[in-house]
Amino acid sequence: MTALGILLLLAALYVLQVVLYDRLWGKGLEVKTSFQEEYATEDDTAALTEVVVNDKFLPLPVVEIDFHMGKGLRFTDEANTAVSDYTYRRDVFALGPRQKITRTLEFRCARRGYYRIDQAGLDVRSLLLTKKYVGSTPQATDFYVLPRLVSTQRIQIPFSQIMGNLTSRKKVYDDPFAFAGLRGYVRGDPMKYINWKATAKTGQLLVNLHESTLSQKVAVVLDLEGLGVQQADLLNEEAVRIACTLCVRLLEAGIKVSAYSNGLDVHSGQPMALPEVSGPGSVLALRKAFACAQAANGLEPIEGFFPSGEGQRDENSLLCVLVTRDQRESLARAFAQRAGQREWLQIIPYRDEYEEMPQAPCAACIGKCRERSWQG
């Protein structure tokens, strides 16, 4: 074969591969990104799976996949990652005919929130790397980073105040003949309610739960106003953890809980509102709700985000808890007015100027203490 014939053959092969790739590069090419778990907790490590399939006989020597997600998720391997307003990821694959490649990418849950991947970009090269094809494929995978629960010691004082207040009222209304289950002993529980047989079997103090003619309820109200200043962001996040932990412990203690916030829910764009829930089975849904609450500037005043106590029949059965970094006395006054005749408690996370992280909550005001705080 002459040199001219060889050149013509090569030209024909080149044109043929261009035509084939123009028509078939995207056929049988599938890309799927998916989180391996539905949720994790702050600071946990989780994983994302990338699956690329080339279901045809045409090889794909270079396939670049790119996607982005919230920067609160940080990949352990940062080689193909860039972080700015989002976390951007780009991975390269070489696919032979009818080949499937699966990769697992580990990441750290650096910040609570709701994360979603809606689309993956495609950058495919022809066999001789002379032509590039660009496209995209829709994705549908989401992930929750739940607030980290604070240690028991951090909220022991306000939790004890709440339980002591509820216990003192419930003593009057408990029906001792209506058994409703068991729960862990809490300081202030009457000794007569301890189930000694169950305690002996489990090795920890357990008390009997009794049906009550007065339903014990707690409304937790979370203030998330303020964003962009480091200290405000730190304290807001700690306020979320405290409010979430308090709700979890109340649910585990058999108390009915409702949660409200002026922080906007990422799904609805409306202020977070979780109607009354009860029982340990509601813990996951509650933690997801807190994960989706966003702090922002210019939010509505927090004191309006729970049912007013004026003229309500359940005035005496609902205890109101405000969790906020705002220490203004005017806020306490407005919250007390909204609570009406209900008793209320305020929890304020604070930050020691020599510490990087927020410290234990302070400012617990209940009943008559609020009047004293106004005057003081």
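Predicted model: local features only at pLDDT ≥ 70, side-chain atom pairs only at ≥ 80, totals over all residues.
**Burial, cores and rings**

Biologist: Which residues of helix α6 are buried?

Modeller: In α6, residues 329–339, the buried ones are L331, A332, A334, F335, A336 and A339.

Biologist: Why is N236 called buried?

Modeller: Its relative accessible area is 1%, and buried means under 20%, so N236 is buried. N236 belongs to helix α4.

Biologist: Which residues have the most contacts inside the largest nonpolar core?

Modeller: They are L250, L286, F290, V321 and V323, in a core of 40 residues. Elements giving two or more residues to this core include α2 (156–173), α5 (283–291) and β17 (318–323). Helix α4 gives the most, with 10 residues.

Biologist: What does L286 touch, not counting residues up to four places away in sequence?

Modeller: L286 touches C244, C247, V248, L251, V257, L274 and V277.

Biologist: How many aromatic pairs are there in the whole structure?

Modeller: Nine are found. In one of them, F35 and F107, the centres are 5.8 Å apart and the planes are at 80 degrees.

Biologist: What makes the pair of F35 and F107 edge-to-face?

Modeller: Ring centres must lie within 6.5 Å, and planes over 60 degrees apart count as edge-to-face. With 5.8 Å and 80 degrees, F35 and F107 are an edge-to-face pair. F35 is in strand β1 and F107 in strand β8, 72 residues apart. Both F35 and F107 are buried.

Biologist: Why is the pair of F67 and F75 edge-to-face?

Modeller: The centres are 6.3 Å apart and the planes stand at 75 degrees, so the pair is edge-to-face. F67 is buried, at 2% relative accessible area, and F75 is buried at 4%. F35, F67, F75, F107 and F143 make up one aromatic cluster.

Biologist: How do you know that the charged end of K288 sits over the ring of Y144?

Modeller: That charged end is 4.9 Å from the ring centre, and the distance limit is 6 Å, with a further limit of 35 degrees from the ring normal. K288 is listed as sitting over the Y144 ring. R103 likewise lies over the face of F93, 4.0 Å from the ring centre.

Terms used. Residues numbered from 1 in each chain as written. Heavy atoms only, no water. Buried < 20%, exposed > 50% of the residue type's maximum accessible area, 1.4 Å probe, protein only. Helix = DSSP H or I, 4+ residues; strand = E, 2+ residues; numbered from the N terminus. Core = buried A, V, L, I, M, F, W, Y, C linked by side-chain atoms within 4.5 Å. Contact = heavy atoms within 4.5 Å. Phe/Tyr/Trp six-rings, centres within 6.5 Å; stacked < 30°, edge-to-face > 60°.
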